[in-house]
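Thanks for making time this morning.

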Amino acid sequence: MSTSNSVVLLTGAASGIGAATARAFVDDGWTVYATDVRAEFPADIRERCRCLELDVTDEAQIEAVVDQVIEETGRLDCLVNNAGYGVAGPVEDIASDDVREQFDVLVHGPHRLAQAVLPEMREHGGRIITVSSVLGHTASPGLGAYSAGKAAVESLTDALRIEIAGEDDIHVSLVEPAWVDTGFADSALGSLNDEDRTPTYDRTYDALETGWVLTGGPLATTPETVAATVLAAATDDPPKARYPVGKFATFVRWTHWLPARLQDPIHRGFGRVSALLGRWL
């Protein structure tokens with residue numbers, strides 16, 4: 001795909017994967033509309049991109065931003081759904097309201113944005129890329145709500161890809177990292193309930209707070225690696241339906257084919273072993 005004069009709309013661009021992706025697209029010659037729920041962008045992003053405030057749970061704001069992009073540039077070639085955060089904790093202990101709010105960002109946000117950009121893309125072609133996670137395929141203890149959100153957006157994206165098959169040059173892809181070295185873990189840790197913890201889940205909390213369940217430890221990849229994969233999804237001809245990021249993500253993604261009697265001990269064991277290593281290292 002030629003990127004000359006191409007325009008991308010990117011959510012969650014103020015930090016982490018989003019900021020790295022904005023830089024990757026600018027370096028490749030794209031016009032980048034970088035958005036985030038709070039318009040607090042790094043200096044280089046603000047200088048090189050067109051930065052806007054965008055709350056993906058606000059349908060009116062989404063429509064206004066998409067209209068602005070098209071009015072200013074006359075086109076919209078790519079949407080990158082990256083906005084997201086994690087609610088951590090055992091399923092029994094996390095509040096339903098917290099799960100509902102997370103789903104509004106992880107699932108309903110990409111849905112709203114797809115509805116907003118597809119009329120324009122139907123006229124001129126385009127790509128919709130959603131940054132998901134391998135946890136959309138295989139859930140992790142302590143990250144059940146986040147895994148559920150990613151599983152839902154994976155299904156939503158798969159359905160959209162199949163539904164628009166045959167449309168003139170519209171393509172839909174998923175980018176699926178495992179752990180990434182960003183502020184995600186700190187944010188998720190901040191969501192943990194410090195009170196009324198069910199004692200049954202002491203090991204799960206230990207794995208979250210001390211182990212590598214949230215951070216990935218030495219298994220984490222860089223935001224720049226994910227950004228390069230997102231750019232590949234935007235420029236490959238033809239693009240793939242899925243882009244696992246790195247060999248470990250590919251391995252984790254395919255473990256969901258294992259029977260539960262094998263999967264479950266692997267997940268429990270990873271949390272316990274990584275918690276022990278986290279205390280020693």
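Arg197 lies over the face of Tyr205, at 4.1 Å from the ring centre, where a charge counts as sitting over a ring if NZ of Lys or CZ of Arg is within 6 Å of the ring centre and within 35 degrees of the ring normal. Please keep in mind that this is a predicted model, in which local features need pLDDT of at least 70 and side-chain atom pairs count only at pLDDT 80 or more, while totals for chains, interfaces and linings use all residues. Residues are numbered from 1 along each chain as its sequence is written, and side-chain values use heavy atoms, with hydrogens and water left out.

A search of the whole structure finds 2 aromatic pairs; rings of Phe, Tyr and Trp (for Trp, its six-membered ring) pair if their centres lie within 6.5 Å, and planes under 30 degrees apart count as stacked, over 60 as edge-to-face and the rest as tilted. Phe25 and Trp30 make an edge-to-face pair, with 4.9 Å centre to centre and 80° between the planes. Both Phe25 and Trp30 are buried, and here buried means under 20% relative accessible area, exposed means over 50%, and partly exposed is in between, computed with a 1.4 Å probe on protein chains only.

Why is the pair of Tyr146 and Phe184 called tilted? Their ring centres are 5.0 Å apart and their planes stand at 55°, so the pair is tilted. Tyr146 belongs to helix H5 (residues 144-163) and Phe184 to helix H6 (residues 184-190), so this pair ties together parts that are 38 residues apart in sequence; helices (H or I, at least four residues) are DSSP runs, as are strands (E, at least two), and they are numbered from the N terminus. Tyr146 is buried, at a relative accessible area of 10%, whereas Phe184, at 23%, is partly exposed.

My last topic is helix H9, residues 247-254, whose buried residues are Ala249, Val252 and Arg253. Seen down the axis of H9, these buried residues fall within an arc of 100°, so they line one face of the helix, the arc being that of the directions from the helix axis to the C-beta atoms. An α-helix has 3.6 residues a turn, so residues three or four places apart point the same way. On the other side of H9, Lys247 and Phe251 are exposed.
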